[in-house]
Amino acid sequence: FGPESHAERVVQRLTSFPSAFSPESLGVQMGDFIRMLGHVHDMGKASSDFQRYLYESAQGKSTGKVNHKTAGAKWAVEHCGPIGVLMAYALYGHHSGLPCGTRMFEEIADYVYPAGVCEALPREIETNEIVPPLAAHCSSLEEVAYTLLLAVRMLHSCLIDADWLETESFMSPEESADRKKTRRESIDVLSDVLEDFLADREKISKGKIN
């Protein structure tokens, strides 16, 4: 969890993303929010079981997977107030996709932190609750629901991107360097491509869902 750790690099990657989506729209300060999301996403890896798994994997031994996702999700729910619930979806699903909330919160309730996991977090991670004043930012229940729905998906997407890009930079530095050189199209161009694709799909499919 030091300054050159994967967790810290994920934090830096998260802060480099465009600000079009920002937890500040939920009344949360970006710096506190990003620091927590990035630092706790892999906190479960501090367990002795996961460290053993890494060691055995490095020795070429076939070992079963060790759950490291629930620790961060549980920590967020316990320490980050209402916004922690949104964080939990991203933290729990950053390797497996957005989870079913019912099953996730049941697992979180039953989960017991392995020894040393919470103690491994950086001291600067605050434990004060982050309570977003949603009522002050949304004018109706529908707007609150839509804001939360979009926030969950964006948080999940941002964390996955930051995690995978930093993993790639460590595991495949040449590919990571090539990615940085690749020209990225603007969102306007990408939007036009998407609209053209959807228009073509509508021509060939007349089902009820479409």
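Colleague: Why is Arg13 called buried?

Modeller: Arg13 has 19% relative accessibility, and buried means under 20% relative accessible area, exposed over 50%, and partly exposed in between (1.4 Å probe, protein chains only). The value is under the cut-off, so Arg13 counts as buried. This is a predicted model, where local features need pLDDT of at least 70 and side-chain atom pairs count only at pLDDT 80 or more, while totals for chains, interfaces and linings use all residues. Residues are numbered from 1 along each chain as its sequence is written, and side-chain values use heavy atoms, with hydrogens and water left out.

Colleague: What makes Glu166 and Arg13 a salt bridge?

Modeller: A salt bridge is a side-chain nitrogen of Lys or Arg within 4 Å of a carboxyl oxygen of Asp or Glu. For Glu166 and Arg13 the N to O distance is 2.7 Å, so the pair meets the definition. Arg9, Arg13 and Glu166 are linked in a network of salt bridges.

Colleague: Why is Glu166 called buried?

Modeller: Its relative accessible area is 8%, so Glu166 is buried.

Colleague: How do you know that Lys203 forms a salt bridge with Asp200?

Modeller: Their closest N and O atoms are 3.9 Å apart, and the limit is 4 Å, so the pair qualifies.
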